[in-house]
Each structure stands twice: as C-alpha cells, then as structure tokens.
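Here are some short notes to read beside the structure. Please keep the sequence open while going through them.

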Amino acid sequence: MKVSTSWPVLVAEDSPADFLLLQAAWTRAGNGHTLLCEPDGTALLQRLRLPGMRAALVLMDVNMPRMNGLEALAEIKADPRLAATPVVMFSVSRNDGDVRRAYQLGASSYVVKPIGLHELVSAVTLIRTYWLGLVEAPE
Amino acid sequence: MNHDESWGTTRGRVEVLVLEDNPGDARLLHAEFSGEVLIDAHLTIAPRLSDGLHLLASREFDAVLLNLDLPGSRGMETFERLRAAVPEVPLIVYTGVHDDEVALRALRGGAQDYLVKGPGIGPLLARAVHFAVERHRVRAELDLRAARLEKNREALRNIVEASADVILILDRSGAVRFVNRGAEKMYGRSAADLVGQAGGFVIQPGTAEIDIPLPGGTARTAEVRVVEIEWDEEPASLILLHDVTERKLAQQQIEAQNVLLEDLVRERTAELVAANSEIEAFADSVSHDLRAPLRHIKGFTQMLEEEAGAGLDASAQTLLARILRSVEQMRKLIDDLLGFSRLGSCPVSRQPVALGPLVTGVIEELAPETQGRPVEWSVAGLPSLDADPSLLRVVLVNLLSNALKFTRGRDPARIEVFPTADGHAAPVIAVRDNGVGFAAEHAQRLFGVFQRLHSQTEFEGTGVGLATVKRIVTRHGGRIWAEAVPGVGATFFFSLGPGETPPARPS
C-alpha cells in the first residue's frame with residue numbers, strides 16, 4: 001500500500017534549532033505528514049511503541065545524548081513490530097565508520113545534513129518524494 | 001826495543017814491572033825478553049818492593065814479574081803487599097827457591113803463575129807474561145760485556161716493571177716464576193708472595209679474555225696474550241694481561257643507555273601517536289560542533305530573507321547577504337582545517353601516478369572557476385611520480401586554483417605546469433603563473449597555516465591551502481618552495497622524496 005499522509009514522520013534530534021530548520025524545510029517541501037520530534041533515542045523508541053502509532057518514516061540524528069542514533073537504529077531493527085519502519089539517518093557526520101555502521105544495522109539511507117535552507121529543502125524534497133511518495137509500505 | 005805487531009798477538013807494547021834486586025838476573029831478563037818474538041815487552045826494573053810500589057802508583061803496568069825475596073821484604077809478604085796495592089794487575093811470581101807451599105799460596109792468592117829460576121826459564125817467563133796479559137785483557141773485556149748485558153737486562157726489567165699491564169711468567173708446571181709490579185697491583189699481593197705459587201693461573205689456549213676473581217668478591221676482566229718463551233733455559237709461558245674492566249663497564253653503561261634511549265624514543269613516539277590521534281579527534285568534534293551553529297545561522301538567515309525579504313530595504317538585504325557570505329567563508333575554513341588536521345595522520349599509500357592526465361583532470365574540474373576568463377594552460381612533458389594519488393590531487397588542486405586566483409584580471413592568464421631539474425635525482429615539478437606574484441621576503445611565510453599575503457577583498461582564501469600542500473609534500477619526504485616577482489608572476493616548485501618502490505627512471 002502507499003504511505004498514508006496521516007502517518008507522522010518521527011524525528012530524533014537533540015538540537016531545537018536543527019529541528020526548527022528541518023520543520024521549515026519540511027513545510028516548504030510539501031503538504032501532509034506531521035513532524036514529531038524527540039530529543040534522543042530513548043524518547044523516540046517510547047513514542048514508536050505507543051499503541052496505535054504508525055510512523056511513515058524515522059529521520060534519525062546520529063549524535064544525541066543518552067541513546068544515540070545508531071543505538072536507537074539497532075533497537076528498532078531488533079524489534080519485529082518496528083523493524084519494517086524505514087529509518088533515514090540524518091547526520092552532520094561524514095565519518096566513514098558511522099556511515100558503514102548505519103547501513104550494517106539496517107538504515108534505509110544515510111544523508112548528511114546540508115548547510116543552508118535551500119539545500120535543506122532540496123534534501124527534504126528528495127526524501128519525501130522517495131520514501132513518502134514512491135515506495136510501497138507493508139499493510 | 002822495536003815494536004812490531006806482526007810478532008805477537010798482543011796489541012802493542014806490554015809494560016812489565018820487574019821486581020828484581022839481582023842485577024845479573026835483571027840483565028838476563030832483558031836479554032831474554034828482547035829476543036822474544038811472542039811479546040813486545042818493555043821491562044822496568046825495580047830492585048826493592050818500595051821502588052816497585054812507587055812506580056806502580058805513578059804509572060800503569062800491564063804485568064808485574066816478581067821475585068819474592070827482595071831486600072826489605074821476603075816471601076809471601078812481598079806478594080801480598082803487592083797484591084793489595086794493585087789488585088787488578090796480573091802478578092807472575094818467579095823465585096830462586098822452589099817451595100810448594102809458597103807456590104800454592106801465591107796461586108791461591110791470585111798469582112798468574114809461579115816459576116822457578118833456572119836454565120831455560122827465559123822463554124817460559126816471556127810466555128807466562130804474555131798469557132797473563134792476554135788473560136787479563138780478555139777478562140776485562142768479558143767484564144765489560146757482562147756489565148753491558150746487566151745494564152740491558154736492567155733496562156728491560158724497568159720496561160716490564162713500568163708496564164701497567166700484568167706480566168707473568170709461568171714454567172711448564174704452571175708455577176709462577178716472575179711477576180711485574182702490574183701483577184702485584186692487580187692481585188694485591190707482593191711479588192715474593194706470588195712467585196712460586198703453582199696452579200693459580202691456568203689459561204686455556206685460545207682464551208682472549210678472562211675474569212680474575214679477587215679477594216673481597218670483586219673481579220677484574222683482562223684481555224689475555226700468551227707467548228711461549230724460554231726462562232732460565234727452560235720453556236715457559238709469558239702471560240700478558242691487559243685490564244679492560246673499566247672499558248667493559250663503560251661499554252655496558254653505553255649499551256644500557258642505548259636501551260634506555262630506545263625505550264624513551266618508543267615511549268615518546270607512542271605518546272606522539274596518541275597525541276596526534278587525540279588532536280585529530282578533537283579537530284573532528286570541534287569542526288562538527290562549529291558547523292552546527294553555522295547551519296543554524298545560514299538556515300535562519302535564509303528563512304528571514306524569504307519571509308521578510310520583500311519588506312526589507314536594500315541596506316538590510318545587503319546585510320543579510322553579508323551574513324550569508326561570512327557563513328560560507330567560515331564553513332570553508334572549517335572544512336579546510338579539518339582536512340589539514342587529518343593529513344597529519346592519514347596513511348600515505350604510494351604508487352606510480354601519471355602526472356599529465358591528473359593535471360588535465362584537475363584543470364577540467366577548475367573550469368567553473370575561470371568564469372569565462374581567458375586562461376592559457378600549458379601542460380607538457382610531465383613524468384610519472386611515486387605518490388599517493390588522492391593526496392597528489394589535493395596538491396595540484398591547491399596549486400592550480402591558487403594560480404587561477406592570483407591571475408584574475410590578467411588577459412590572458414598564463415599557467416604552465418612543467419618538469420624541471422635542480423640537479424637532484426627526483427624530478428621537480430613547477431607551476432608558473434603570470435599573476436600578482438609576491439615579494440621574495442614572503443616566500444617562507446606562504447606555507448604556514450593562516451598565512452595570507454592578500455586581503456580577503458583582493459583574493460579570498462582561508463590560508464590553509466599551501467599549508468596543506470606543504471604537509472602532503474613533506475609526508476612524501478619531499479620539499480616545496482616558491483619564487484616570484486611582484487606584479488609579474490609566481491612559480492611554485494615541488495619534488496617528492498623517494499618512495500619504497502622508486503619509479504623506474506629512463507637510463
């Protein structure tokens with residue numbers, strides 16, 4: 001089935017400023033899909049496990065306090081009820097070790113946060129087009 | 001009396017004192033000796049002992065012919081007084097009366113001969129004088145030689161004694177026969193104590209060095225030489241010991257110091273490696289942390305521009321544009337610095353790289369920067385270099401984009417890349433431009449981090465590019481330098497050091 005626009009997109013991001021920018025880019029890139037932000041991996045997992053929660057996509061920062069993005073990713077992929085959710089890593093780090101580890105753990109994509117609103121809008125547009133428009137989601 | 005050497009074996013005239021009170025006998029003696037061919041003797045007659053002693057005190061005589069019975073002195077008394085007066089001069093006794101006891105006493109007392117007067121005694125006397133003189137002469141010579149030998153022996157002994165080395169002489173049984181002062185000092189015992197001791201100095205053949213245990217638990221180390229000699233007409237071993245204890249100790253100390261130094265170097269190297277990776281991690285995290293606020297400044301400024309831009313006047317819009325330019329500059333600075341700091345520890349993997357295609361590729365990549373300016377590139381005859389391809393690429397990107405930047409405004413800009421030689425084995429690559437150049441006194445500053453010769457408004461830049469280039473070249477064991485004339489142009493030269501597998505060079 002196609003991804004429903006009623007499904008929210010969950011964001012794990014500890015920087016409020018980064019989330020504000022992401023939100024600005026998100027609304028510029030299209031309609032639908034509420035963005036929900038959690039400040040770390042633990043909070044993200046709690047939200048994902050709420051009854052009735054169905055996330056269209058997870059946008060995961062890597063560097064976060066408490067549970068970081070890679071740890072949260074591992075936990076999502078280890079949980080059969082969450083494992084099918086696409087997780088796009090969204091990080092400032094180009095570190096090859098981080099990129100490799102993310103894909104090994106089952107990340108759907110790894111995107112480096114661009115600098116600049118326009119660049120961010122472009123990146124978000126691509127993500128939306130692909131993960132929310134093109135691909136099929138399980139029933 | 002004529003003297004003729006061919007007549008006798010004596011070397012010259014022999015002066016003979018004759019103690020004879022009988023004038024007839026004296027005459028007879030004269031006659032006998034003058035006809036004698038064996039000896040050229042000159043006789044001086046003294047009738048009394050006192051006359052004889054007087055003469056002996058005033059002149060030298062080779063022999064004394066002595067009649068024991070003289071006026072005023074008789075028998076052995078005459079002989080003994082004479083003997084006492086001239087102990088060195090040979091005495092020959094001749095007498096009118098034969099007396100066995102007197103003869104024996106005279107001969108035991110040192111007389112050369114004892115003859116009895118009688119018919120035919122003349123030739124006997126001459127022969128006796130001749131033999132006595134010869135014997136005396138030979139003995140004197142032997143004594144002289146013996147004295148010389150003794151002197152030489154003394155000198156040799158002094159040399160042996162003065163030697164700081166230990167000198168021992170052992171006989172076949174291994175008993176000590178001689179030690180020098182060096183040995184006394186080494187063993188702390190007197191020569192008298194050491195000589196005669198047996199078995200304490202066994203040295204296996206072929207030994208080069210021995211440890212000598214000493215009383216008190218200490219020991220000395222000595223180099224050994226053994227020479228087979230004769231000592232007191234018996235085969236013996238001359239043993240030379242050269243004390244090398246101090247030298248060995250010093251050697252051991254040096255070796256220990258070296259080990260210590262090596263450990264220290266290893267330790268320091270490990271510390272440096274750790275410090276380097278710490279710095280790199282630090283630079284990594286700093287650059288990430290610095291980027292975050294930049295991202296926010298840029299993002300929010302752009303949002304502001306979008307949402308309020310239409311309502312802002314021109315000067316406010318210029319300010320927004322200025323903020324965005326500054327952010328961009330900061331971002332580039334952080335990227336460059338991060339790249340520079342990573343260069344310190346990234347591995348350099350060298351392989352042959354064809355420089356020509358690499359330069360052409362970089363020029364194509366830089367095309368957007370020329371922005372339609374007239375640029376004449378000249379790339380010719382570039383060799384293959386043994387280098388890390390990605391790092392060499394960074395070098396060229398920096399050098400060529402610098403050349404592009406500093407020729408801005410030239411019509412046309414001319415940039416040449418060519419090999420040159422400065423007499424070194426490694427090829428030298430030159431990048432020459434006809435740009436603004438720089439003053440010679442700035443040539444050294446160029447390659448430092450953040451060293452910029454131009455203002456940001458003249459020529460933009462972070463001041464990290466040439467520092468990066470230098471670090472890459474240095475990590476290849478090479479060097480880089482530059483020459484320029486202000487207003488005319490600049491030339492940058494670099495050469496890489498030999499790699500582990502140097503590129504094949506045309507023969």
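1. In this predicted model, A:Ala12 stands opposite A:Glu38, a residue of strand 2 of chain A. Strand 1 of chain A covers residues 9-12, and its pairing with strand 2 is parallel, over four bridges.

2. Which order do the five strands of the open sheet take? The order in chain A is 2-1-3-4-5, and the pairing is parallel. Strand 2 (35-38) and strand 5 (109-112) of chain A are the edge strands, each pairing on one side only. From one strand to the next the twist averages 20°.

3. Helix 1 (residues 16-29) lies across strand 1, strand 2, strand 3 (57-60) and strand 4 (87-91) of chain A, and runs at about 170° to strand 2. Helix 4 (residues 96-104) lies across strand 4 and strand 5 of chain A, at about 150° to strand 5.

4. Next, the interface of the two chains. Contact involves 13 residues of chain B and 17 residues of chain A. About 1,400 Å² of area is buried between the chains, and carbon and sulfur atoms give 61% of that.

5. How many salt bridges are counted between chain B and chain A? The count is four. In a salt bridge between A:Arg28 and B:Glu307, the side chains meet at 3.0 Å, N to O. Helix 8 (residues 245-308) of chain B supplies the largest share of the side of chain B that touches chain A, with 12 residues. The residues on that side of chain B divide into seven charged, four polar and two nonpolar.

Note on methods: Residues numbered from 1 in each chain as written. Chains lettered and ligands numbered in written order. Predicted model: local features only at pLDDT ≥ 70, side-chain atom pairs only at ≥ 80, totals over all residues. Heavy atoms only, no water. Pairing = 2+ DSSP bridges. Helix = DSSP H or I, 4+ residues; strand = E, 2+ residues; numbered from the N terminus. Axes fitted to C-alpha atoms, helices over the stretch in contact; angles between N-to-C directions. Contact = heavy atoms within 4.5 Å. Buried area = accessible area lost by both parts, 1.4 Å probe. Nonpolar A, V, L, I, M, F, W, Y, C, P; charged D, E, K, R; others polar.
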